[in-house]
Amino acid sequence: MQNKYQSFENPDDNKKFYLAIDEENIPNTIRLNDFLNEKYDSLYQTIELDDELADSEDTFFLFKELVYEKEVIGYIAYNLLDEFEDNNLLVLDNYYLPKDYDYSLIIDDMIETGFWMGFQIIVKYPARRFIEALIDTEFAYRIDNKLIFSEIAFMTDTVSLDTSINKLIDEVDLSKESGSYTISSLYDLDLCAVVTLTKKPQLIYTNQKLNDENMDDYCSISLALREDDEEYSCINKRRKNKLLKNRKYFVNVDDILSKYEQRHN
């Protein structure tokens with residue numbers, strides 16, 4: 001792994017970060033777990049004991065320490081979104097934060113990464129606790145008691161509604177299930193789901209064949225995270241949701257947004 005990355009240190013707090021670019025500024029692919037095991041063995045062991053290691057094939061472009069009271073307690077890993085490499089768009093797609101720490105630490109790092117390093121950030125599969133931290137820090141606001149609009153966009157895989165109602169993300173082979181990916185700023189707190197609402201709220205993704213012409217037509221909700229299901233029973237709530245069952249959920253969300261816009265114009 002030597003010379004496959006450049007390391008830096010923030011002079012304000014001595015927090016280290018690593019870019020997967022070699023000495024000749026050529027991007028590299030660095031596997032996240034291998035890097036953790038080599039550079040942060042103690043942290044790696046802690047994450048392994050918590051059963052929260054990333055997938056073995058997961059990589060990073062930017063790796064940053066999460067520091068609390070001068071101690072490295074976790075990490076955040078970002079990747080470039082391939083389609084937008086020239087626009088410095090990063091996807092926050094892996095992190096480790098101990099359960100008794102606040103997600104505001106991650107939000108602080110996103111702000112630092114955005115303003116200090118000049119990247120635009122998208123979050124992949126945000127946990128509900130992360131959404132609540134966004135609300136607390138005023139990066140997201142309530143449309144109603146369940147629906148949230150975020151200033152920071154979210155990225156999820158496009159899966160059929162039946163799959164997202166009945167399965168957790170770690171129960172799904174996304175290479176077989178996912179038709180594409182979506183980027184959205186809407187989140188349903190009750191369902192613990194990123195909501196992809198299109199201009200055609202009556203169209204729901206149910207494994208239709210997607211192409212360039214219809215890829216942005218279909219509405220969907222994200223797969224649930226196991227941590228959210230364990231804490232908020234969101235799979236049970238999805239299965240019991242009458243609007244999801246009768247396929248009127250997205251029309252309802254569209255109606256809520258329309259009324260919200262009318263009230264605030």
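**The cavity and its surroundings**

The structure, which is a predicted model, holds one cavity of 30 Å³ or more. The volume of the largest cavity is about 40 Å³. Its lining consists of Tyr125, Pro126, Tyr187, Cys192, Val194, Ser222, Leu223, Leu225 and Asp228. Sorted by class, seven of these lining residues are nonpolar, one is polar and one is charged.

Cys192 is buried, since its relative accessible area is 3%, and buried means under 20%. Which cysteine sulfur is closest to that of Cys192? The closest one belongs to Cys234, at 4.1 Å, and this is too far for a bond, because a disulfide requires the two sulfur atoms to be within 2.5 Å. The structure holds zero disulfides. Cys219 is likewise in no disulfide, and the cysteine sulfur nearest to it, that of Cys192, is 20 Å away. Cys219 is buried, with a relative accessible area of 0%.

Glu112 and Lys15 are both buried. They also take part in a network of salt bridges that links Lys15, Lys64, Asp109 and Glu112.

A further salt bridge brings together the side chains of Arg31 and Glu57, with an N to O distance of 3.1 Å. Arg31 lies in strand 3 and Glu57 in the loop between helix 2 and strand 4, so this contact ties together parts that are 26 residues apart in sequence. Arg31 is partly exposed, at 38% relative accessible area, whereas Glu57 is exposed, at 53%.

Glu52 and Lys99 form another salt bridge, their closest N and O atoms being 2.9 Å apart. Glu52 lies in the loop between helix 2 and strand 4, and Lys99 in the loop between strand 7 and helix 3, so parts that are 47 residues apart in sequence are tied together. The relative accessible area of Glu52 is 29%, which makes it partly exposed, while Lys99 is exposed, at 62%.

How values were computed: Residues numbered from 1 in each chain as written. Predicted model: local features only at pLDDT ≥ 70, side-chain atom pairs only at ≥ 80, totals over all residues. Heavy atoms only, no water. 1 Å grid on protein atoms, 1.4 Å probe; cavity = no way out; pocket = protein on both sides within 12 Å on 5 of 7 lines; lining within 4 Å. Points joined across faces, edges and corners; volume = space filled by probe spheres on them. Nonpolar A, V, L, I, M, F, W, Y, C, P; charged D, E, K, R; others polar. Buried < 20%, exposed > 50% of the residue type's maximum accessible area, 1.4 Å probe, protein only. Salt bridge = Lys/Arg side-chain N within 4 Å of Asp/Glu carboxyl O. Helix = DSSP H or I, 4+ residues; strand = E, 2+ residues; numbered from the N terminus.
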